[in-house]
Amino acid sequence: MPVFKLNFNKKILLLFHKVILLYHKNSMVPVIFIPDLGIPLAMVFIKHGIQNKSYGELNMKLEDIKKITVLGSGVMGHGIAQGFAMGGYPVILYDIDEAVLSVAHSHIKESLDLFYESGIYSLDETVSMLAGITTTTDLKAAVEDSDFVIEVIPEILSLKQTVLQQVESCCRKETIIASNTSHLKVSDVFAVLKDQTRVVGAHYFNPPQICPTVEVVKGRHTSDQTLQTTYDLMKKIGKDPVKLHKDVVGLVVNRLQTALLREAFYLHEQGVISAVDIDKAVKGSLGFRAASIGPMTMVDMGGLDAWLDCCEKLLPIMDASVKAPTALKDLVDAGHTGIKSGKGFYEYAKDFSQKGLDEAVKKRDREFLGRLKRNFLSPKR
Ligand SMILES: NC(=O)c1ccc[n+]([C@@H]2O[C@H](COP(=O)([O-])OP(=O)(O)OC[C@H]3O[C@@H](n4cnc5c(N)ncnc54)[C@H](O)[C@@H]3O)[C@@H](O)[C@H]2O)c1
């Protein structure tokens with residue numbers, strides 16, 4: 001706590017018993033509030049930045065970030081680690097199990113091979129990127145020297161909080177700690193930490209080493225500097241980040257996607273259209289346009305009056321259910337969870353094994369890389 005030089009006259013001494021410690025929520029700044037001098041004194045302390053030096057003012061800037069740690073090497077974690085390595089950072093990839101890390105390492109190598117095959121990186125570049133990623137099962141060693149730590153572990157609040165508390169106790173005071181949570185509130189994930197000014201949401205999209213968007217999310221206590229540095233870091237590694245100034249459950253893209261899926265499931269359930277034709281229609285219309293212009297630009301180009309008319313006519317008759325779609329639930333209850341089970345909205349060959357899934361992922365990633373190269377990468381890269 002800061003020490004203030006106060007003029008201890010008689011009046012203040014008499015009021016001493018009334019002294020209250022205020023905790024300024026956004027800046028985590030402890031201030032002294034003396035009722036008779038009133039709020040103005042407290043405000044002056046806050047305004048002039050009299051802060052507890054442990055928190056807040058040590059926030060990292062982009063140039064301070066030299067080393068990255070990724071916690072969790074599953075579906076998202078290994079791709080996120082690869083993305084930082086492609087951006088030129090030394091990366092430590094942590095998981096609880098050596099075997100999982102070994103699989104993650106192979107996935108990263110295979111993905112880098114695809115970047116090479118697509119002409120984005122030379123063989124030498126991919127070799128040094130892979131060499132820039134070290135793996136460990138030692139959490140303390142993983143985070144103690146790191147400047148930016150991102151957790152990519154399962155979406156279980158208590159698990160994330162337990163691991164993040166351990167991280168906070170092992171890492172430096174200024175290290176930025178990020179979460180890739182999809183459906184939890186960023187502020188809830190970090191609620192157990194002592195310093196919540198240097199925490200932030202950094203939500204990627206699968207495959208994270210390819211998809212350009214990252215939602216950079218301000219938690220309840222995230223400092224502006226932490227938000228900005230994370231945004232700058234994402235730009236530096238070639239991402240196309242967006243800032244979310246409020247911490248909303250589901251963030252933005254998942255909410256937009258779920259709105260679309262609710263209507264897609266509904267129309268399919270009503271027998272209006274087959275699953276195959278929903279995919280075809282979206283790819284050739286919404287998806288085709290969205291690859292070049294976003295929905296807000298589209299509305300401006302089409303005319304707001306036309307879209308107002310559309311909203312007035314369609315919204316009252318569209319699905320407004322707040323429950324998960326029955327058809328989806330029935331499929332899941334029957335064990336039909338998609339490619340991994342051999343059946344979802346499509347049927348897959350009986351021998352469609354892990355190998356088949358890996359091939360499907362590779363085919364998808366080749367297509368994505370083609371689009372990434374055309375739409376997002378500068379020619380020199
Ligand atoms: N899968 C997606 O498409 C996707 C997209 C965006 C965000 N996310 C979010 O990313 C996070 C991870 O999702 P995922 O799909 O990669 O999960 P996953 O299950 O594939 O990977 C999680 C990894 O965390 C490891 N792990 C488990 N406990 C751990 C611990 N205590 N410490 C460190 N590592 C531990 C597991 O061994 C595993 O390798 C979740 O919060 C999820 O919501 C997922």
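# Helix packing and local features of a predicted model

Ser353 is exposed, as 12 other C-beta atoms lie within 10 Å of its own. This serine belongs to the loop that connects H15 and H16. Its C-alpha atom is separated by 8.8 Å from that of Ser341, a residue 12 positions away along the chain. The structure described here is a predicted model.

## The chain as a whole

The chain contains 16 helices and 10 strands. Of its 381 residues, 27% are buried. When contacts between residues at least 6 apart in sequence are considered, 64% of them join residues at least 24 apart.

The table gives their axis distances and crossing angles.

| Helix pair | Axis distance | Angle |
|---|---|---|
| H3 (residues 77-86) and H4 | 9 Å | about 50° |
| H4 (residues 98-117) and H5 (residues 123-131) | within 9 Å | roughly 155° |
| H4 and H16 (residues 354-375) | within 10 Å | roughly 40° |

The pair of H3 and H4 packs at an angle of about 50°, and the two helices are therefore oblique to each other. H3 passes H4 in a right-handed crossing. On the H3 side the contact is made by Gly77, His78, Ala81 and Gln82, and on the H4 side by Ala104, His107, Ile108, Ser111 and Leu112. By class, the contact of H3 with H4 has four nonpolar and five polar residues, with no charged residues.

For H4 and H5, the axes cross at roughly 155°, so H4 is roughly antiparallel to H5. The crossing of H4 past H5 is right-handed. From H4, the residues Ile108, Lys109, Leu112, Phe115 and Tyr116 meet Leu123, Thr126, Met129 and Leu130 of H5. The residues of this contact of H4 with H5 divide into seven nonpolar, one polar and one charged.

For H4 and H16, the crossing angle is roughly 40°, which makes H4 oblique to H16. H4 again passes its partner, here H16, in a right-handed crossing. Ser111, Leu114 and Phe115 in H4 meet Lys362, Asp365, Arg366 and Leu369 in H16. By class, the contact of H4 with H16 consists of three nonpolar, one polar and three charged residues.

How many of the eight residues of helix H15 (residues 326-333) are buried? The number is zero, so H15 lies largely in the open. H15 is followed by Gly335, a residue with a positive phi near 85°.

## Individual residues elsewhere in the chain

Lys235 is located in helix H9 (residues 224-236). Is this lysine buried or partly exposed? Lys235 is partly exposed, having 15 other C-beta atoms within 10 Å. The C-alpha atoms of Lys235 and Gly87 are 9.4 Å apart in space, although the two residues are 148 residues apart in sequence.

The peptide bond from Asn206 to Pro207 is cis, and its omega is near 0°. Pro207 lies in the loop between strand E8 (199-203) and strand E9 (215-217).

Leu251 has a phi near 55°, which is a positive value in a residue other than glycine. This leucine is found in the loop between strand E10 (242-244) and helix H10 (253-269). Leu251 is buried, because 20 other C-beta atoms lie within 10 Å and a residue counts as buried at 20 or more.

Definitions and conventions
Residues numbered from 1 in each chain as written. Predicted model: local features only at pLDDT ≥ 70, side-chain atom pairs only at ≥ 80, totals over all residues. Helix = DSSP H or I, 4+ residues; strand = E, 2+ residues; numbered from the N terminus. Contact = placed C-beta atoms within 7 Å. Axes fitted to C-alpha atoms, helices over the stretch in contact; angles between N-to-C directions. Parallel < 35°, antiparallel > 145°, perpendicular 65-115°, else oblique. Left-handed = near helix turned anticlockwise from the far one by under 90°. Nonpolar A, V, L, I, M, F, W, Y, C, P; charged D, E, K, R; others polar.
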